[in-house]
Amino acid sequence: MTEIAPGVLVATSSYAITTTTVVVGSSGGELLIDPAVTVADLAALAGELSELGLRPTVAWSTHPHWDHVLWSAELGDPPRYAAPAAVTIAESERDGIVDGVEKSAPGYDLSLIGRLQALDASAIPWDGPMAQVIVHDGHAPGHGAVFLPDTGVLVAGDMCSDIEIPLLDTVDANPLGNYRTGMERLAAVPGVRQVVPGHGHVGDAREFGRRLALDAAYLDAIASGKPADDPRLPGAPDWMRGMHEAQVAYFQR
Ligand SMILES: [Zn+2]
């Protein structure tokens, strides 16, 4: 784990450059956001946390996709929260989530996957630094970023990435509007000094602005049927290029 701000640690998995964020609270408690990805990653995370004298006292899942709702018994049994709409999806789409875990990160105790409680509040209840949640339906229903005003860290979930194009929730009735609303809500957060994407690298305030502008340009292009000249596409893995092509096709329809 790398300490990116006082009391804010980020671990990065080699699997899809997935981040896990830890916020240190009082008396060894911590807020754990999106622990991921492989069984070995979570074992290493649990080991590192216990070496630091930390234990999860509360957890948050940014959205109901398989790589953001993982858990292992070594992390204990704190309340694991997500936004209400995310919990609804985690329950109704449980089979798909479990399938994703089995295919991509096998070996988990599946009974612990996606066991989330709905939190309908503007901040995560715990005795550590204020952790505000910013909920929208871009990328996935009930997508909840976490902002830590004390340190200016925005844990953005699967938005604002240096390696991922915007990935729309195209089964939703209004994927583009929802995504843009999400971006507006994140852009309106005052005092962001660092952004932690769900996949990719931590960026500073300037980089946060650059990514929002890139994302807006990408969305404008595909929504108007123009070629998306996005710097993240040429080196993108096959699955992301496939998602891009599906999004282009969606708007052509
Ligand atoms: Zn993800």
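Residues Y218, I222 and A223 of helix α5 meet H244, Q247, V248 and F251 of helix α6, where contact means heavy atoms within 4.5 Å. By class, this contact of α5 with α6 comprises five nonpolar, two polar and no charged residues; Ala, Val, Leu, Ile, Met, Phe, Trp, Tyr, Cys and Pro count as nonpolar, Asp, Glu, Lys and Arg as charged, and the others, Gly among them, as polar. The model is predicted, so that local features need pLDDT of at least 70 and side-chain atom pairs count only at pLDDT 80 or more, whereas totals for chains, interfaces and linings use all residues. Residues are numbered from 1 along each chain as its sequence is written, and side-chain values use heavy atoms, with hydrogens and water left out.

Two packed helices are described by the angle between their axes and the distance between the axes. The axes of α5 (residues 205–223) and α6 (residues 238–252) come within 8 Å and cross at roughly 50°. Axes are lines fitted to C-alpha atoms, for helices over the stretch in contact, and angles run from 0 to 180 degrees between N-to-C directions. The two helices, α5 and α6, are therefore oblique to each other; angles under 35 degrees count as roughly parallel, over 145 as roughly antiparallel, 65 to 115 as roughly perpendicular and the rest as oblique. Helices (H or I, at least four residues) and strands (E, at least two) are DSSP runs, numbered from the N terminus. Helix α6 also contains D238, which is exposed, with a relative accessible area of 68%. Buried denotes under 20% relative accessible area, exposed over 50%, and partly exposed in between (1.4 Å probe, protein chains only). Between D238 and L186 there are 52 residues in sequence and 28 Å in space, C-alpha to C-alpha.

The zinc ion is coordinated by D67 (OD), H68 (NE2), D158 (OD) and H199 (NE2), at 2.0 to 2.4 Å. Donors are N, O and S atoms within 2.8 Å of the metal (3.2 Å for Na, K and Ca); water is not among the atoms, so sites may look incomplete. Along the chain, the donors of the zinc ion follow the spacing D-H-x89-D-x40-H. D158, in the loop between β10 (153–157) and α4 (175–187), and H199, in the loop between β11 (194–197) and β12 (203–204), link distant parts of the chain, being 41 residues apart. Both D158 and H199 are buried. The arrangement around the zinc ion is irregular because the four donor atoms subtend angles of 84 to 164°. Four donors count as tetrahedral if all angles lie between 85 and 135 degrees; four count as square planar and six as octahedral if opposite donors are over 155 degrees apart and all others between 65 and 115; anything else is irregular.

The loop between β10 and α4 also holds M159, a buried residue with a relative accessible area of 2%. Not counting residues up to four places away in sequence, M159 touches H136, H139, H143, Y179, G182, M183, L186 and P197. M159 and G182 are 23 residues apart in sequence and 8.7 Å apart in space, C-alpha to C-alpha.

Several backbone features were also noted. The peptide bond from A36 to V37 is cis, with omega near 0°, and V37 is found in the loop between β4 (29–33) and α1 (39–51). A16, a residue other than glycine, has a positive phi near 55°. A16 lies in the loop between β2 (8–12) and β3 (19–24) and is partly exposed, with a relative accessible area of 32%. S27, in the loop between β3 and β4, has a positive phi of about 50° although it is not a glycine; at 66% relative accessibility, S27 counts as exposed.
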